[in-house]
Amino acid sequence: MRNVAISAAFGMLAFAGAAQAEAPKLAPVPAAQAPGFERIREADLRADLTFVASDALQGRMSLQPGDDASVQWIAAEFAKAGLQPAAADATGKPSYLQSVPLIEYRPNPAANTLTLRIGTAVQSWKAPELIGGFRDDLELAAPLVFAGFGISAPGVGYDDYRDLDVRGKVVLVFEHEPQENDPASRFNGTGNTRYATNRVKALNAQARGAVALLVMAEPNRKHPSNLERVNRIGGSAKRVPPLPGQALPDDELRIPVLTVSDTVATALLAKAGATAQALQSAIDQSLSPQSRPLADTTVALHLENTARSRGVSANVVGLLPGSDPTLAPETVIISAHHDHDGSSGPEIWHGADDNGSGTVGVVALARAFMANPVKPKRSILFAVFAAEERGLLGSYYMALHPLRPLATTRAMINFDMIGRNEEPSDQTTGLIEIPKDTTNRLNLIGAAYSPDFDRAVRAANRSVGLDLDDRFDHENALNVFFRSDQFPFVLKDVPAMWFNTGFHPDYHHTTDTADRINYPKMTKIVKLAYLSAWRFASEASPPAFVPDPAGH
């Protein structure tokens, strides 16, 4: 027995040695970047996030005191780190706060009505057949037209508005985009493109003179509609009373966007000369638009709010000026958002992962870069955005009112949910495959729009050793690409990527708390962003932007 035990012991040692030999060896961190890299510490992330996601901040609802407190904390940390204020207050004095004016409103689903008139026949619907609201009370009636997917994509050679007059009319469109289940589609294969969002479709309709946009789910869909997907989350999506809407007073989008049920959509298309299923099939088959006026068909909308008020939140912004006089005017953005879903009675939506994790990650990077004696050549703008949960409002505001020129913004790293292990949840079940082990996994979202960006991050990862995953760039059911603050900058042709650790059962629930964070992995993610940002801010050739990524 003793000999057997000795043999087993030697066998175990040999196995352990082989396992160690097979472990990938990490590349050394460049010496000039090492002091800042070592400044990123797990203990700091844990302490900061424990505060940001605490009961004291009451879930950081936009325009509420808890979120105001988070704004002041971030600004104070930027100042302590030594960043320069990147904005100015009303008097022109330098400030860490870019004010974001907001309108808060509560739609009245009991009163909001869509009325369809075809000839002398009239039908009307309210919630839940009609979903959405608008920042202003509104009364309108106009002819209805069908505009396919509502997309104009010259780089893809597709235009639903070719030969279609929508001036003064209400436009009805499908969600998503054509051929989304075809890996070879010119619309980024099975992934989403910029054209698939309701906002882009509404701006396109508005630019052509439309007065409202109605959105229906694709009749031949192989996934839940956007509304069905949101309802699967539960949590804050099912709040009573529901969360208020918020909007930018000077938003470039000025027409209402409402979602209609399949039942309503069928009635609206009664004069289309084909079923909705046939219309989508015809588009998908040959990318041939099927847009058309709907004879004798008019729509009336009555929208009102039970409450409406104005307030001001803030994007928290600090600047590290570049060290090279020639490249310092160029910018790399490192971002996150500070708000979450607040509280309701005794319940608090702590938002530790979403997005306390990203908030403290940006603060940690500010400290790291400022602690590093050598500074990158390009300037780095650290931005923690307002009102992301209400519709990416802070980032849309900065994209409309940039603090530094977007034409010379070379890259953007956005943190949103960088603290958890991805796990099956009601939102994702049956829609995306989750690897068995996600304890070291980071999702990179948006690489299709800049393969150069992706290559730089993967090169930096040789010094960190995370498992990098691009699944969310190749799916279309979850709309992940549109759902965080890098997206308004992608719309402005800025190479931008979202670092994300995936969904889990606590997403948008009160159980998203600081004790459930994977702090060792989060620390590695922040370190990867540090090394990646160094590359973007110092390499001679910044990443290129690809306006219309195609499938393969």
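**Salt bridges and a buried helix**

Being three residues apart in helix H4 (residues 65-81), Glu77 and Lys80 are separated by about one helical turn. In this predicted model, the two side chains form a salt bridge whose closest N and O atoms are 2.9 Å apart, and the structure has 25 salt bridges in total.

**Pairs within a helix**

- In helix H3 (residues 42-52), Glu42 and Arg46 lie four residues apart, about one turn of the helix, and they form a salt bridge with closest N and O atoms 3.4 Å apart.
- Glu42 counts as partly exposed at 31% relative accessibility, and Arg46 likewise counts as partly exposed, at 40%.

**A pair between distant parts of the chain**

- Glu422 forms a salt bridge with Arg471, the closest N and O atoms being 2.6 Å apart; the pair links distant parts of the chain, with Glu422 in the loop between strands S21 (409-415) and S22 (441-445), and Arg471, 49 residues away, in the loop between strand S23 (467-469) and helix H12 (487-490).
- Glu422 is buried at 5% relative accessibility, and Arg471 is buried with a relative accessible area of 17%.

**Helix H13**

- Helix H13 (residues 519-538) has 20 residues and spans 29 Å from its first C-alpha to its last, close to the expected 28 Å.
- Because 17 of its 20 residues are buried, H13 is largely enclosed by the rest of the structure.
- Asn518 caps the N-terminal end of H13, with a side-chain oxygen 3.1 Å from the backbone nitrogen of Lys521.

Definitions and conventions:
Residues numbered from 1 in each chain as written. Predicted model: local features only at pLDDT ≥ 70, side-chain atom pairs only at ≥ 80, totals over all residues. Heavy atoms only, no water. Helix = DSSP H or I, 4+ residues; strand = E, 2+ residues; numbered from the N terminus. Expected span 1.5 Å × (residues − 1). Buried < 20%, exposed > 50% of the residue type's maximum accessible area, 1.4 Å probe, protein only. Polar contact = N/O pair within 3.5 Å; in protein donor to acceptor, adjacent residues only side chain to side chain. Salt bridge = Lys/Arg side-chain N within 4 Å of Asp/Glu carboxyl O.
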